[in-house]
Amino acid sequence: MGYVEGPPTLNNQPHVGHVRGRMMKDLWYRYRTLEGENIVFRGGWDTQGLPVELQAEKELGLSGNKWEDLQKVGVDKLVAECKLIIGKYKRDWEEADDLLGLMIDHDRAYMTYRDDYIEREWTYLETAWKKGLLGEGFKVVPYCPECQTALSAGEVSLGGYEKLEDPSLYYKARTEGGSYLVLWTTMPFTVVTDELVGVKPDSDYEYVAVGDEVWVVQAGRKEALAKELGVQFGEVKKRVKGKELEGLKYEHPLLDLIPGLQKPEFEGKVHRVVAEDYVDVTTGTGLVHMSPANGEEDFAVATRRGLPVFAPFDDRVRFTAEAGKFAGLFARDADAVVVEALRGRGALVSEGKLVHDYPICWRSDDRLVWLARREYFYWVDKIRRDVVKAAEKVEYFFDGPRNRFLAGLAESPPWCVTRERIWGTPLPIWSCEKCGEKTGAFSRKAIVARALELPDGPKFELHRPWMDRVVLKCEKCGGRALREPFVLDTWHNSGSAPYSSFTDKEYDSLVPVGFLTEGIDQTRGWAYTLLLLNVIRNGRPIAPYRMFLFQGHVLDEKGQKMSKSLGNGMEGLDLLRNNSVDVARFYVLAKASPEDSINFDLKEMSGRAYQVLNTLYHLHLYLQQNGAVDGYKPRGNTVAWASKRKLLTLVDRWMLQKLAAAERAAVEGYGSGKFNEAAKALEELVITHLSQTYVRLVRSELWKDDPKERQRRLAIYAVLGHALKSADELLHPVAPFATEFLYQEVFAVRKWGAPLLARGWRKERGGGSPAAEAAVDFALLAEEACNSARTRAKLKRRWPLRSAEVLVQPSTLEVARRARGTISLLCNVKRVEASSAASKFPATFALRPNTSRIGALFKERTRDVLGALRPLEGGEALRAYWRGMPLKAGTAEVPLSALELVTTPREGYEVAEKSGVFVAIGKERDSRLVAEGLVRDLARRLQALRKEKGFVPTAMLRSAGVAGLEEEDLALVAPLAEQMAYLVRVRQVHLSKEKPVQKGWSEAELDGKPVYLKVG
């Protein structure tokens, strides 16, 4: 089965968000390998693009004009620095992966900057070029006129914003009906490239008199405009919705000065009103002047409507000859000229100043300009239907990310695949100097075959500057063709990985890959580019993956985004170097569903996650130490061995049934992307079922050393061993280090031989029983009720009681009777009786109304309802309570939630209830029961002392001593000294009422009185 790594960008160390994703990748790999799959699980590194280029510039100390700096140091020096950076951070990432336990093949990892990868990436371009899916177009980008380069969103944020003064210009454009659209802008130069006026479809607009003219403005802006412009609005001639203005033509006030806008391709298509939801009606006039050459949203509107874009700018953001009167002017210098031209045409309404935040280039400190630049695009609209079809066949695990992904695909615009950068995969298209013909050469072989000039020889590197020096022969006129000075979007690099990182044979056999997982933001990133490129390459609706799991982000403990600037960031290497990796893995994977973001808290991580693995370790230790006493052998003393000899009890079969359920839940969770549910099921297995219940229930049997009962003890070890070995296997994808260690140390035939992954899940099935599960689960429920009754009666759980009465519904009676022995053990009572008859239970029952609840439900009818409600007593009350159905009160029905079951125990009893199960305990304790309680209290303190002194739990010690007992307590305990010795695992116990004088004794407390203990 194939796998393609979503390549991390090698411009920095991994952060904790990366670590979460890599945990999930490793979990999936281990799970599928344990299932018997052979996974080609190779790494991959995103090595090109802006992040690496910027880091290289920083390392070289370049911070001024980009192109001037490059002329000084040379492009080849920048490229060399980029390679050093990716080598440096690759080592950091590989260290993190090793610490994390990521079982990924780094030796055969792909790197997107290598020539062999680039040539295979070019095959996608070649296919698109031949099919007419790749071509030239425009894209609006933030552009620095000084550096003469486009900036990414990240670079814009690097430069930040400054308070700058700009014009606040109101002007008017005459409509075909003679009214005027009044418009506002802070960048007058964009009037030169004006093509549309936007209105909000459902907003109200008015034709309103202003002197001899009629202006069109948004109704809600009139009052503010009157003050700002100093005008008096008169009669409202007409009121319309924005959508009614759709298509209204207007005259560009400077059209005769701008020859480019008078070309045939613009005639009749531009200078119309368009209704668009994004229009802001809270500023200006509520009508928006739209310049597709200088605004992202404006450009999107024009593109969506199939309109041409007028962008008369050169690389220095100076107007070209197409701008007529404004030709040669730098865009921002043209503002004043535009204002005067509008004034001269009588189109100027008002000119003012505005101070606002404006983005600055991080290199040059110059103002940025949003500009439509020539780029190369995939025309996604031509294949959008196939892309959606391919995506619909994929399993996404969760509806939210799936719906978000598919919705985005349905509206995906053309993809601009080129960038004005240095460090990237060069676009292998050449343009003829003479005739402008475009020539694509999509392999080294094709380039060399068509080359007119090859200054670096046929083995040149497939990067800038070497690619830029190659001149091809124009296939049309034979002239010199120069390479288009673009590199590919880094998302194209990584999106081509399914083909670029494999051989043809591997691609055919391994793609579509079975499973991929990346961050939720990749619905518009890698998941999208992988899908699109695969459809382009295959010409059919085929996704390169069968399953894609989108992960939520990792936030700080307060739910805020992690950031170095905020001081709440966490580096992945710091986490992995300074903490238990398995605890971190369990914490992250168990905390929430993979689709959800998590709040990462180191203190919280050291809680439950640590407890689970610590408990698992000590359970193995318990098995090893106790099993060794009886000669337990994991390979011989199996569940099958014990079952064949009829050595399994109700409790054993309960444990095996719980194990089978945990196994099903874990496999289901791993397979369905619900990793947290798998982890939680295994947490319950280890903590609740194994540690807190099974070991507790069988401990008294294991404590015996009678040779006649050795086989029974071996059966317990068989069940415990089977459960622990299964837990090691099932938990291995979550906590690989601890589980590998425990499995190898306790269960492996040859210690540290074949790893768990090579062994796979060799499940030993059978032995469980649904009937046993029901009985023990019932006993645990009864224990809860019993403990509540003890609390009310102020009777410690360690104190033996004479009897417990259990009252259940008739349908549960048989289960309750099967559970009596287990209830006796759990509740520490000598005798347990089960019944479904209220008359046999030592308590009375009455079902009474809760006046406040009935009042809240029935309000003014409360008195009538209470009067009509018949009180229920005894068995009738109990049966109604069990049924849970509403009671009739005249015409009303009173729900059980508005009633209270009052239970009154008989003298000498205490009663409690849990989920419809009632338990009554006898409170009277004779001297024998009191003595047994004292023995258990003292034994618990001696066992704690053993542990404190570091004695092996299974070791038989010589003696234990208890001193300082009161005479009455001594008289009670002395006859049970042998029982105490058995509980403490010593040969004899010495009891004394005298306070010891020699050293070596430890003081403890017993019922508020001091006692003195010694073991050894």
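# Exercises on a predicted model

Tyr617, Phe741 and Trp752 make a nonpolar surface patch of about 320 Å². Before you start, note that this is a predicted model, where local features need pLDDT of at least 70, side-chain atom pairs count only at pLDDT 80 or more, and totals for chains, interfaces and linings use all residues. Residues are numbered from 1 along each chain as its sequence is written, and side-chain values use heavy atoms, with hydrogens and water left out.

## Exercise 1: the nonpolar patch

Work out where Tyr617 and Trp752 sit and how exposed each is.

Step 1. The areas come from the Shrake-Rupley method with a 1.4 Å probe, and for residues only the protein chains shown count as cover.

Step 2. Find the elements. Helices (H or I, at least four residues) and strands (E, at least two) are DSSP runs, numbered from the N terminus. Tyr617 is in helix α20, residues 608-630, while Trp752 is in the loop between α25 and α26.

Step 3. Sort by exposure: buried is under 20% relative accessible area, exposed is over 50%, and partly exposed is in between (1.4 Å probe, protein chains only). Tyr617 has 37%, so call it partly exposed. Trp752 has 48%, so it is partly exposed too.

## Exercise 2: a charged patch

Which residues gather in the patch of positive charge on the surface?

Step 1. Decide what counts: Lys and Arg are positive, Asp and Glu are negative, and His and the chain ends are not counted. Each charge is placed at NZ of Lys, CZ of Arg, CG of Asp or CD of Glu.

Step 2. Name the members: Arg385, Lys389, Lys393 and Arg540.

Step 3. Zoom in on Lys393. You'll find Lys393 in the loop between α10 (384-392) and α11 (399-410), and its 62% relative accessibility makes it exposed.

## Exercise 3: salt bridges

Say how many salt bridges there are, then follow two of them.

Step 1. Start with the idea: side chains of opposite charge can pair when their charged atoms come close. The rule here asks for a side-chain nitrogen of Lys or Arg within 4 Å of a carboxyl oxygen of Asp or Glu. Counting that way gives 70 salt bridges.

Step 2. Take Arg305 and Glu246, whose side chains meet in a salt bridge at 2.9 Å, N to O. Arg305 is in the loop between α8 (296-304) and α9 (335-344), and Glu246 is in the loop between β10 (236-241) and β11 (272-275), so the pair ties together parts 59 residues apart in sequence. Arg305, at 33% relative accessibility, is partly exposed, and so is Glu246, at 36%.

Step 3. Now try Asp937 and Arg798, in a salt bridge at 2.6 Å, N to O. This pair links distant parts of the chain, 139 residues apart: Asp937 belongs to helix α33 (residues 927-948), and Arg798 to the loop between α27 (770-793) and β27 (801-807). Asp937 is buried at 0%, whereas Arg798 is partly exposed at 25%.

Step 4. Finish with a network: salt bridges that share partners join Glu5, Arg22, Lys25, Asp97 and Glu518.

## Exercise 4: cysteines

Step 1. The cut-off is a pair of cysteine sulfur atoms within 2.5 Å.

Step 2. Check the distance. The closest cysteine sulfur to that of Cys435 is in Cys477, 3.6 Å away, so the two are too far apart for a bond.

Step 3. Look from the other side. For Cys477 the nearest cysteine sulfur is that of Cys432, 3.5 Å away, and Cys477 is in no disulfide. Across the whole structure, the search finds zero disulfides.

Note on methods. Patches are made of residues with over 30% relative accessible area and no salt bridge: like charges are joined within 9 Å, nonpolar side chains (Val, Leu, Ile, Met, Phe, Trp, Tyr) within 5 Å.
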